[in-house]
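The following questions and answers concern the terms used to describe a structure. Each answer sets a value against its definition.

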Amino acid sequence: MLLSFATSSLRSRSKSVVLTFLSLLISVSVLLSVEHIRIQAEDSFKRTVSGVDLIVGAPSGQLNLMLYSVFRMGSPTNNISYDSFEMLQNDALVEWAIPISLGDSHRGFRVMGTNESYFAHYKYGDKQLLTFSDGVPFSGVFDAVIGADVAATLNYKVGDKVVIAHGLGAVSFNNHDASPFTIVGILAPTGTPVDKTVHVSLAGIEAMHLPKKQLTRVLQAPDNLNNPLVQPDSITAVMLGLKSKFATFNLQRALNNYEDDRLMAILPGVAMAELWQMMRSVENVLRVISVLVLVSSLFGLATMLLASMQQREKEIAVLRILGASGGVVFTLILVEALLIALAASAVSIGALTVVFASLKGWLASHYGLFISANLMNTHTLMITGAILVAAIVTSIIPAVDAYRSAIHSRL
Amino acid sequence: MQPAIELHNVEHRYEKSHRAMGISHWQVNSGERIFLHGPSGSGKTTLLNLLAGILEPNSGEIKLLGQAFSSLSSKKRDKFRARHIGVVFQQFNLVPHLSVEKNVSLAAYFAGKKTQINERLDHYLTQLQLPSDVAHQQAGHLSVGQQQRVAIARALINKPEILLVDEPTSALDNDARDAFMTMLISLCKEDNTTLLFVSHDQSLAQYLDSAVSLSSLGKYREVS
């Protein structure tokens, strides 16, 4: 009966109620979307690399190693010897090893030297392997496989030639013009830095840095990846997949104490968490802004209810005469606030689900954000619960006003 | 016979007012239908509000149906009012956005009498000569005459022992007023309801058992 009365009363004041509802809808949507994107972005960030147990590089710092090896950001401080890579590849604990060689670029996109293991073992997201939207993995010294963003931005297709530049700048005056690469494959979008990478073989990296005379000899047999002239001496880092996860810490310790080369092994999960921790302040600023928006809307709700009290003094007095206690009137006002907040939250969740479902593909391809359209999770429910509690708390003032209103002067 | 209404040394003064209304003793027997009259500002509505528990006396005792009504806690007084007292106001005071059915059901809901509401509502609508489809109409859309009759149905839905009626005929022409009084008295007789009918229109006294002038009951005194 109380619910039916509250609904009817709200309907009778539809204009002010609709405006308050819209104000709450916007603020709840801002809060829920910021929180949802934050969680999904963190999840998406942590899904950049998957299934890699250790990343090994030259000693610098785990964030630095993570940034250049996984996110292709920053510059490697030093290299490790190719012998160390072979040692790791042949270690009994290691199932697979992916070499990474960085230092060159193509029109602002990083060039990464690697081998066939990369396409066989590198995983992202929920342990998804890389797939090709066109072409095949590289098999020759001057073959290149490009990420989806590179292809889309530079309008490249299989068969096109690319010239790699020395260094990491977007504009370079030191191009390896004598050793152009042919695009043999284009990777499907992953929403990770892979999309912005030009992949070539380790032999290709070595070849383009050879003196002209030796390069000419390599160009005469471009399919021979085993040509002694293009065997690398050093690489930037190695990604390792182990046969048993239990061996991770032992191997990490062993590599950090390795005497034949200066190595540092890091756990990607730990480094990722540390990296994300650095973004917490931005997260908190966003969260504070959305909470402030919500608080202002809740005060709007309380103001609307307070303003309506004057129109409703008679109605409330009638209820009291009919036997409604002060507590019932108090509860009625809270129920009305709760109904508006509940409706705003429900519509907000529905609308955001539709919006995220529609923008899912665009966010993934343009920003590398894999945002799920499913907002019905514990976190959303907790936020909604907090919003409803906040709505009740801010409505206590008008509810007390209604509770205290004298009956005799209103009838 | 037990009195339905008893007042002993009741005094009431509004906040910031320098006049206090006092009634030394008055009682109304159960089933009696009293016409209470007096000029404007004589305290008729104040007395009704005291009897309905809307106002509390500053001193003295009000007993309703043998119960010390003025000593009850606010919550118990609300409950008592819902179960035993019906009130019809001069302005009818229906909730305009609710249907007639909901307006009447509210009174039953707060009294905790939730069964056979529809049957009783149909009965009163028939007795008050209102078409049955009125039950589903919004109270705010009814004519003044219809609102007045719905207000009576709402006041009687819980079969209260005491019915307090405050100037309900002021907006009616003579024919409508006479028809209304006949219906009201008939319904009160049906349930042996004690009726306290307040009006400044003394011609209405003919419909009731006895007439009492407020000036004969209460005295005003100046207070500092």
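This is a predicted model: local features need pLDDT of at least 70, side-chain atom pairs count only at pLDDT 80 or more; totals for chains, interfaces and linings use all residues.

**Helices, contacts and domains**

Q: Why is α11(A) called oblique to α13(A)?
A: The axes of α11(A) and helix α13 (residues 378–394) of chain A come within 9 Å and cross at roughly 45°. That angle makes α11(A) oblique to α13(A). Angles under 35 degrees count as roughly parallel, over 145 as roughly antiparallel, 65 to 115 as roughly perpendicular and the rest as oblique. Axes are lines fitted to C-alpha atoms, for helices over the stretch in contact, with angles from 0 to 180 degrees between N-to-C directions.

Q: Which residues of α11(A) and α13(A) meet, and how are they classed?
A: A:L294, A:L298, A:F299, A:L301 and A:A302 in α11(A) meet A:I387, A:A390, A:A391 and A:T394 in α13(A). Contact requires that the C-beta atoms of two residues, placed from the backbone, lie within 7 Å. The residues of this contact comprise eight nonpolar, one polar and no charged. Ala, Val, Leu, Ile, Met, Phe, Trp, Tyr, Cys and Pro count as nonpolar, Asp, Glu, Lys and Arg as charged, and the others, Gly among them, as polar.

Q: Why are α11(A) and α14(A) described as roughly parallel?
A: The axes of α11(A) and helix α14 (residues 396–404) of chain A come within 9 Å and cross at roughly 15°. The two helices α11(A) and α14(A) are therefore roughly parallel to each other. On the α11(A) side the contact includes A:L305 and A:M309, and on the α14(A) side A:I397 and A:D401. By class, this contact has eight nonpolar, no polar and one charged residues.

Q: What makes α3(B) roughly parallel to α5(B)?
A: In chain B, the axes of helix α3 (residues 100–111) and helix α5 (residues 144–156) come within 8 Å and cross at roughly 30°. This angle makes α3(B) roughly parallel to α5(B). B:V100, B:N103, B:V104 and B:A107 in α3(B) meet B:V150, B:A153 and B:R154 in α5(B).

Q: How many residues of chain A are in contact with chain B, and which element gives the largest share?
A: Chain A has 18 residues in contact with 23 residues of chain B. The largest share of the chain A side, five residues, comes from α1(A). By class, that side has seven nonpolar, eight polar and three charged residues.

Q: What are the domains of chain A?
A: Chain A is divided into domain 1 (2–45 + 279–410) and domain 2 (54–266), with bounds from an automatic or database domain assignment. Their centres, taken over C-alpha atoms, are separated by 51 Å.

Terms used: Residues are numbered from 1 along each chain as its sequence is written. Chains are lettered from A and ligands numbered from 1 in the order in which they are written. Helices (H or I, at least four residues) and strands (E, at least two) are DSSP runs, numbered from the N terminus.
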